Amino acid sequence: VHPTPHLDQLEDGPWPSFVTGLKRLRDEGTDSNRRIMNDLLGQLNHSYEKRLGFWKGGTVSVFGYGGGIIPRFSEVASQFPESKEFHTLRVMPPAGYHYDTEILRKFCDIWEEHGSGLIAFHGQSGDIMFQGTDTEGTQKAFDALNEIGFDLGGAGPALRTAMSCVGHARCEQSCYDEVRAHRTIINSLLDEMHRPSLPYKFKFKFSGCANDCVNAIHRADFAVIGTWRDEIKINQDEVKKHIDKVGRKYMIDTVVNMCPTRAISLNDDDTLEIDNPSCVRCMHCINVMTKALSPGDDRGISIMIGGKRSLKIGDLMGIMVVPFMKLETDEDFEKLEEFAENVVEFFADNALEHERVGETIDRIGLPAFLEALEIEPDPNMVNHPRTSCYVRTDDFDDEADKWFERKARDAGLQISAE
Amino acid sequence: VHPTPHLDQLEDGPWPSFVTGLKRLRDEGTDSNRRIMNDLLGQLNHSYEKRLGFWKGGTVSVFGYGGGIIPRFSEVASQFPESKEFHTLRVMPPAGYHYDTEILRKFCDIWEEHGSGLIAFHGQSGDIMFQGTDTEGTQKAFDALNEIGFDLGGAGPALRTAMSCVGHARCEQSCYDEVRAHRTIINSLLDEMHRPSLPYKFKFKFSGCANDCVNAIHRADFAVIGTWRDEIKINQDEVKKHIDKVGRKYMIDTVVNMCPTRAISLNDDDTLEIDNPSCVRCMHCINVMTKALSPGDDRGISIMIGGKRSLKIGDLMGIMVVPFMKLETDEDFEKLEEFAENVVEFFADNALEHERVGETIDRIGLPAFLEALEIEPDPNMVNHPRTSCYVRTDDFDDEADKWFERKARDAGLQISAE
Amino acid sequence: MTEAATPRMPDEVGVPDPFPYMHPIMKKNYGNWDWHDRPRPGVLHHVAKSGDEIWTVRAGTQRQMDVFTIRKLCDIGDEYADGHIRFTTRSNIEYMVDDEAKVAPLIEKLQAEGFPVGGTGASVSMVSHTQGWLHCDIPGTDASGVVKGLMDLLHDEFVQEKMPNRVRITTSCCQINCGGQGDIAVNVQYTKPPKINHDLVANVCERPAVVARCPVAAIRPAMVNGKPSLEVDEKKCVCCGACYPPCPPMQINGDDSTKIAIWVGGKHSNARSKPTFHKLAVANLPNNAPHWPEVKDVVGKIINAYKKDAKHWERMGEWIERIGWNRFFDMTGLAFTKHHLDTWTGARKTMNMSAHIHF
Amino acid sequence: MTEAATPRMPDEVGVPDPFPYMHPIMKKNYGNWDWHDRPRPGVLHHVAKSGDEIWTVRAGTQRQMDVFTIRKLCDIGDEYADGHIRFTTRSNIEYMVDDEAKVAPLIEKLQAEGFPVGGTGASVSMVSHTQGWLHCDIPGTDASGVVKGLMDLLHDEFVQEKMPNRVRITTSCCQINCGGQGDIAVNVQYTKPPKINHDLVANVCERPAVVARCPVAAIRPAMVNGKPSLEVDEKKCVCCGACYPPCPPMQINGDDSTKIAIWVGGKHSNARSKPTFHKLAVANLPNNAPHWPEVKDVVGKIINAYKKDAKHWERMGEWIERIGWNRFFDMTGLAFTKHHLDTWTGARKTMNMSAHIHF
Ligand code: SRM
Ligand code: SRM
Ligand code: SRM
Ligand code: SRM
Ligand code: SF4
Ligand code: SF4
Ligand code: SF4
Ligand code: SF4
Ligand code: SF4
Ligand code: SF4
Ligand code: SF4
Ligand code: SF4
C-alpha cells in the first residue's frame, strides 16, 4: 500500500471525502478495484507532492463508435503500474437525471467488475463518468451498460452529451417538456456524437425557464430556454398575503424595485400591477412570490446560440437567435428537431477547425448567420440596434419590405387563427 | 437679386427663419452685406436644387496665429462671385455664454463692417461663429474683436474651444467653479490652440454635475464633471410635501424605482432612506425633488478621458480616469491644470496622426495610459474588473502592494487631516 | 489696408472672463444656489441660499442670426429684461430678470417678435445643428433648413412641457456627425462607396493619409490611366465617408445616394442610466430638400409614440429599453432589418445574450 | 475475452427515457405543478395542480463516488425514501418522498451517514468541480481536493439558508475552466509563458494546429538545434495555456508558476439582471495542496462580506454592482491592480464611460 500523506489530510472535515471513498475501494473493493486504487492513490499523492499532473491522452474507443471515452495513460506507470491505464466512459444519463436505486446498483455492479469502482454523478456536461479502466475494460463495461439501455456520451470534436433541468417533472416554472425536447434533438443527431467529425464540440442544454438551472446560456452552443408570451398570472389574494407577511417596504425593495424593467407597480391598495409588454420574463417576481405569480399560459421556448468558455476569442454567451417557438404539438417538436439539425449542419459546413459555433458567428457576423439559416432578424436578438454608422444601407428598403411582409403574414395568421 | 425658390419655402412656419434673416441682410444690410448675401443665397439655393455642397477648404489665418479660421472658397464662384470667399472666424465666448446687450451690439457692428452680418450663437464646440468674410476681412474682424477682449478659438489639429455649463452662476446642482476650471485650463494651453501642432483635435468640456448639460462625456477628449463624496442632503419635510403632492405610488415609480442602484428606500412613514455608499451620484432623485434633496458638501470633480465621434474606430465616450479630485483651493486648481497639461503632452507625444486620445487609449490599453500618466488604477474606472483570463499576472503581488500602500497612505492622510 | 505693413500682434486673451457680462444676481450668488422650479414652460425660477431669486426666460432662435435679429434681441433685453443675456448649449437665448413681474411682459414681447418661449423641462428643445450647405466643405445635406423644418413641426412641443422627459434632437449634414448623439438624431448616411475622380487624385490628395483613414482598409493605391490614383474595394467599404475630407476626389456625395438615417436613444446625462449612444431606427430616407417630408414624418411618429407611452422621467432610450425594441418598431411603424444588427467592433456585446425577451 | 472475435455492435439507444426511473408522483403530475416552498433548508415542497404533494430532500455528495458510497445512498433511498433518486446540476443527490412524515427520518439518516442536508434556496450549494490531477491530462491543480476543502469550510452555509441569495461556486483545475462561471470561481491561472521542450516537439506536436490555437499569435515555427520546433514571443503571450493540450511539450504548468485566481460575480440565471461572466478578484494565490489555505481565506472573506452586506435576492455580482467594486475590494481586503483592467477584445466596453461613481 502506497503511503498517501497528502491525501490523508483530506479525510477530516464535515464534507464527504472522496479520499475515504478511494481508500475504501483500495481496502475493501474487489481484487482488481484494490489493485487499481492503490496505484491510483499513489499517483494522486505523487501529484499532490509534485504539484503536477501525470496523465496523458491517447486513443481508445469501443467497437462501432469513435467517441465517448476519455483515455488516460500514466506518465509514471513505472511507479504505479496498476493504474497505468485509467480511461473514463462518458455515459448519458436519463434526461433530467432521474434514477431508481435498482439501476444505480446495476451501475455499481458493472463498474466494480470492469473498472475501478469510481463513478461520478455527474460530469459538468452531464455525463455519468465511469472513471478508471483499461482498454479492454472499456469495451466490456460499455457492452454491459449498453445492454441495460445506456449509451455513450460525447467527447472530442462531436455532439456532446446534453443536460436538461428537472423542469416538468417537479417544477411549476417549467414552460415546456424538457425531457422530450432533449431526447428528440440528441437522439436525432446521435451519429454526430458517436462518430466525431464536427469542426469542434457542440453542446445542447435545456432549461425550462429563464432561471436556467442548467447554465445553458453560458455553457451550451445551443440553449433552449422556456418562456411565455401572454401575461404573468397574478393571484391578488396571495399578493396581499405575501405583503402581510413580509411588510410593504420589504416587498417594494425585493420585488417592485428589483424588476429589471420597472414593469411592476404596487397600488396603494396592495394589489400588484404588471405591465406585461415591459416584462422581460426574467422570472424574478415569480421566484419570490411562488404562490401569487406564475408564468402565463401561452408557453414556448427561446433559443440562444453560441455559448462557450474562453478559447480562442474569449467567453461567449448564447445569442438569442429564436425569440419564440411554440413547443406543444408533434409538428412543433419536428420543427425544433429540424432547426437543430440545420444549425449543426451549418456548423459542420462553415466552422473552421477548433472553432465553436459562437466563434463562427462572431467571425462572419450575426446577419450572415441568420441568412444562412433563413432566420428573419428580430429586435429581441439584440440589446439594441447598431450604434455604428459604418454600414452600407442602399438595400435598406428591400430589407424593410421583408419585415413588413412578415408583419402582414403574422397579422394574417393571427386573423385566420381566430 | 438671385431668385431663391427653394429657400423661400423655408420662411413660413412658427420657428424663426434663417432665410428671412439672410434676406434681410441682402435687402437691408450694409452695401457689402447685401452683395455677399445675395450671392450666398444664390449659392445656397443652388445647393438645394442640386442637393450638393459647393464649398471647398483652403488655408487662411490671421497674423500670429495658425488656427481659428475655417476658410471657404466657392466652387461656383463664377455664378456667385461676391461670396466666393466665405470664411468663418471661430471666437471663444465668455465661459458659460454670458453676455450683455452692449457686447452683443459691438459684435454686430464689427461683423456688419468686416463680414457678412451673419453670426451663430454658438457652434457645437462652443464658438461664436462669425460666418462669411474674405481673407482680408478675417484679419480686420479679428483685430476689432481682439481689441474688445475676444480671442480666436480652435480649428484643425489643435486644442479646441471648450464649453462649460451655466453651473455656479445659476444652478444649485453645480459642484465646482466651472468658470475658473474652464479658464484655468484653456488659458494655460492657449498656445496649443493658436498654433496647431497636435496629432489631431483635443477638446475640453466642463459640466457642474452628472446631468452633463454640455454633453462632455461623449463630446470631449477631456471631460470635467462635478460630483461629491459625502451624503446626499435630505430635507425630510420637503420629502413629505413632495409625496403629499404627487402621491405615494407615483413617488415610488419615479424616484425609488428609478434609482439605478436601488439605493433609495421609502419608509412606511414617508421618510426617505438613501444608502449613500450605493449611490452613484447620477443626480436623478435630486433632479426630481429639487427642494428635498441636494448634493453633499464634500464636492469635487471626476475626469473622463477620450470621448469623441466615430472616426476611425467608432464612437467613444470618456473613460473615468480620475474618479475624484477636490477643486477648491489654488493648489487644487494648479493640480488640475498640471494634469490637463500632462494629458495633452501625452497626446502630443503618443498619438498617431489623426488619432484622438480615446483611440490612443484603445490602442495601447488603459493600463499603459495610466502608467504613462502615473495614475493609480481604481475600480471606479471600470464597470467591472476583467472577465478575460488572458493576462500575465506574475507580478500581481507587486501590483497589489501598490494598492495597499495607497490605501495606507489615504488612511494616514485622513488621520493627519483630522 | 495699406497700413498692413506692420501687422497687429494678437493679444492672446484666451477665454474671456464672464463676470463683467453676468447678471448681478448671478454674480452675487455665484456657487450659492439652493433650489429651482419652473413656474411655466420656458421659465426657470432659481432661489439662492441668500434668499435672492432670479427668473430666466428661454426662447428659441435660429442660431445662424443676422445682425438685425441680434439687435432685436438686444432691444428686448434692454427694454423688458435687465440687459443680460446668455445662450444655452442648444442655442436658445436666455434673459434673466430679478423680478417676477418682469416675466410676463418679456414673454409677451418675445412671442410678439416671433421668438417661441419654451425649451425647458420636459419639452423638445432646439435641435442642435451644424453647417450644411451654408458653410461646410463636405456636407451631404443642409443643416439650417432641416432644423427649421423640424422646429416648425415641433413648435408646440417646444413651448409646452408635455413630453415624458426632455427630448434632445440633433441633426448632422454628413456622417461625421458634428451634431452628436441625440434622443433622436437625423444624420446623413451615405449609401454608396465613393466614386473616384481619378483626374484629380494626383493633385489634391495626400494618398497615404487617405489610405490610413479608412476604417476597414478598403482603399489601395493604384495606377489609373498611367497616373497614381486610388481604388476602393467596394465589398469592404462601409460607406463612412472618412476618405472624402482628406481627398475630395473620393466623391461620397451623390444627389440620390446621399440619404438620411434616423437614430434614437442617445443620451448624454448620467441621470438614472449611464450615457448611451444613439441606435439606428431607420436608414435610406430621401434627402428631400427643402422640406424633408419623409424625415419629418418619421420624427413625428417617434415623438408621438414616446409622448404617448413613456413614463415620466424616462428618456427616449430608457423608454425603449423598458418596452423593448420590437414594440418601438411596432409603435412607430418602422422596420427592423439585418442592418440593425451591429457588425462593427465589439458588436458581440450588443447582442442579446440572455433569455430576457419582450413580447 | 477470446470470444471478442465477433464484437458486439452497439445499440444506439441515445438518451435514456427517464420515465421508468421517475418518482410516480412526478410522473403523474408531469408538467402540472402549481407552487412550491421550502419547509426547511435542504427540503423542497412542491404542490401539483392536482393537489398532489412531493417533498424533496437534498444532500451533498463528493461527486466522485466509490460503489460503497453509492450503494449506501441506495440503501437509504430504499429504506427511508421511495426508492427514487435524482442528482442535481451541482452533483447533489435528491430523494423524493410522497409523505411529509418521511422527511425527518430521512434527514436524520442522511446526516448520520455523513451526508450534509442542504444546498437549497439561499445557501452555498456544492462547488461545481472538474477532474484535476485525478484524471485530466492538462491540470494545474487538483479539483476534488479543492472542492472538499471549500465544502468543509462552507459546510455551515450549505446546511442553512442564511445567504442573501444562492451562491454558486465553481473551481477549475486549468485555465480552460470546465467548471464554468460562478458567483465565486476558483481557477488555475498560469503566470508564465510555456517552456518548450524542444526535443519532443517534432514528435508529438502538430505544429500548424498549435500556431493556429494561440489567441494572440505569439507562437512561430522555428528551427531549434536543427530540428523543427516552435518559439514563443513572451511579450505577446497572455499565458492562456491554449497551446498545451494540442502540444504537451509546451509546458505551461510549473510547480511554482501555476497559480490560482479567484473570480466573482458570474451568474447564469436571467433573474433580474442578465447573465454575466465572472470578474477577476485576485490572482497569483499559491497552489498550496492539500489545503489551499490562501484560497480558502479569500473565499471566506468574500462569502462573509456578501453575507453581511447584500440585500435579499441580490446575487454576488448584483450586490457588487450596487455597492461598487471599490467597496468590494475594501470589504474583502483585496487589492485592485492594473491587471483588473481588461485588455482583451472589447475591453473598451467594460470601462466606466460615465460619471457614475461609488464612494
Ligand atoms: C441652460 C442649460 C445649460 C447651459 O449652460 O446652457 C441647462 C440648464 C439646466 N439643466 Fe440641463 N441644461 C442644458 C443642456 C442640457 C443638456 C445638453 C443638451 O441639451 O445638448 C443635457 C444632456 C441631454 C442628454 O442627456 O442628452 C442636459 C441634461 C439635464 C438633465 C438630465 C435629464 C435626464 O433626466 O436625462 C437635467 C435634470 C432635470 O431635467 O431636472 C438638467 C437640468 C437642468 C437644470 C434644471 C439645472 C438647474 O438646476 O438649473 C437647468 C434648467 C433646465 C431646464 O431647461 O428646465 N439638464 N441639459 C442647457 C439648456 C439647453 C437648452 O436650451 O435646451
Ligand atoms: C462648425 C461645427 C458644426 C456647427 O455648425 O456647429 C463643426 C464643423 C465641422 N466639423 Fe465638426 N464641427 C463642430 C463641432 C463638432 C463636434 C461637437 C463638439 O465639439 O462638441 C463634434 C463631435 C465631437 C468630437 O469632437 O468628436 C465634431 C466632430 C467632427 C469630426 C469627427 C471627429 C472624430 O474623431 O470622429 C470631424 C472630422 C475631422 O476632424 O476630420 C469634424 C470636422 C468638421 C469640419 C471641419 C469639416 C471638415 O473636416 O472640413 C466642419 C467645418 C464646417 C464649417 O464649414 O464650419 N467634426 N465636430 C462645430 C464647431 C463649431 C465651434 O467651433 O463651435
Ligand atoms: C435541482 C436543480 C435543477 C436540476 O435539474 O438539477 C434546481 C432546482 C430549482 N431551482 Fe435552480 N436548480 C438547480 C440549479 C440551478 C442553477 C445551476 C447551478 O447551480 O449550477 C442555477 C443558475 C445559477 C446561476 O445563476 O449561476 C439555478 C438558478 C435558479 C434560480 C435563480 C436564482 C437567482 O435569483 O439568480 C431560481 C429562482 C429561485 O431561487 O427561486 C431557481 C429555482 C429553483 C427551484 C426553486 C425551481 C422550482 O420551482 O422547483 C428549484 C429548487 C431550488 C432550490 O434549491 O431551492 N434556480 N438553479 C438544480 C439544483 C442545483 C443544486 O444542487 O444546487
Ligand atoms: C470531465 C469534464 C470536467 C468534469 O470533471 O466534470 C471536462 C473535462 C475536460 N474538458 Fe471540459 N470537461 C467538462 C465539461 C466542460 C464544460 C461544462 C459544460 O459542458 O457545461 C465546459 C465549458 C463549456 C464549454 O463547452 O465551453 C468545458 C470546456 C472545455 C474546453 C474549452 C472549450 C472552449 O471552447 O473554450 C476544453 C478545451 C478543448 O475543448 O480543447 C475542454 C477540454 C476538456 C478535456 C477533454 C481536456 C483536454 O483537452 O484534454 C478534459 C478531460 C478531463 C478528463 O480527464 O476527464 N473543456 N468542459 C466535463 C465533462 C464531463 C461530462 O461529459 O459530463
Ligand atoms: S430552469 Fe426553471 S423550469 Fe427548470 S428547474 Fe429551474 S426553475 Fe424549474
Ligand atoms: S418576470 Fe422579471 S421582468 Fe417580468 S415582471 Fe417579474 S421581475 Fe419584472
Ligand atoms: S451640468 Fe449640472 S451644474 Fe451644470 S447646469 Fe447642468 S444641472 Fe447645473
Ligand atoms: S443620485 Fe442617483 S444613484 Fe444616487 S440615490 Fe439618487 S437616484 Fe440613486
Ligand atoms: S456634420 Fe459634416 S457636413 Fe455637417 S458641419 Fe460637420 S463635418 Fe460639415
Ligand atoms: S467610404 Fe469609408 S470605408 Fe469606404 S473607402 Fe472611404 S474611408 Fe473606406
Ligand atoms: S479544467 Fe482543465 S484540467 Fe480541469 S478537467 Fe477541465 S480541461 Fe482538465
Ligand atoms: S500560452 Fe496562450 S498566449 Fe501563450 S503561447 Fe500558448 S497559446 Fe499563445
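This is a predicted model: local features need pLDDT of at least 70, side-chain atom pairs count only at pLDDT 80 or more; totals for chains, interfaces and linings use all residues.
The rule finds seven salt bridges across the interface of chain A and chain C.

The extent of this interface is summarised below.

| Property | Value |
|---|---|
| Residues of chain A in contact with chain C (heavy atoms within 4.5 Å) | 59 residues |
| Residues of chain C in contact with chain A | 55 residues |
| Area buried between chain A and chain C (accessible area, 1.4 Å probe, lost on being put together, summed over both) | about 5,400 Å² |

Carbon and sulfur atoms give 60% of the buried area. In chain A, the residues that lose the most area to chain C are A:Arg386, A:Tyr390 and A:Phe396, together 15% of what that side buries.

The iron atom of ligand 1 has a single donor from the protein, the SG atom of B:Cys213, at 2.3 Å. Donors are N, O and S atoms within 2.8 Å of the metal (3.2 Å for Na, K and Ca), and water is not among the atoms, so sites may look incomplete. B:Cys213 is located in the loop that lies between β9 (204-207) and α8 (216-219) of chain B; helices (H or I, at least four residues) and strands (E, at least two) are DSSP runs, numbered from the N terminus.

Residues are numbered from 1 along each chain as its sequence is written, chains are lettered from A and ligands numbered from 1 in the order in which they are written. Local features need pLDDT of at least 70, side-chain atom pairs count only at pLDDT 80 or more, and totals for chains, interfaces and linings use all residues, while side-chain values use heavy atoms, with hydrogens and water left out.

Methods:
Buried area is the accessible area (1.4 Å probe) that two parts lose on being put together, summed over both. A salt bridge is a side-chain nitrogen of Lys or Arg within 4 Å of a carboxyl oxygen of Asp or Glu.
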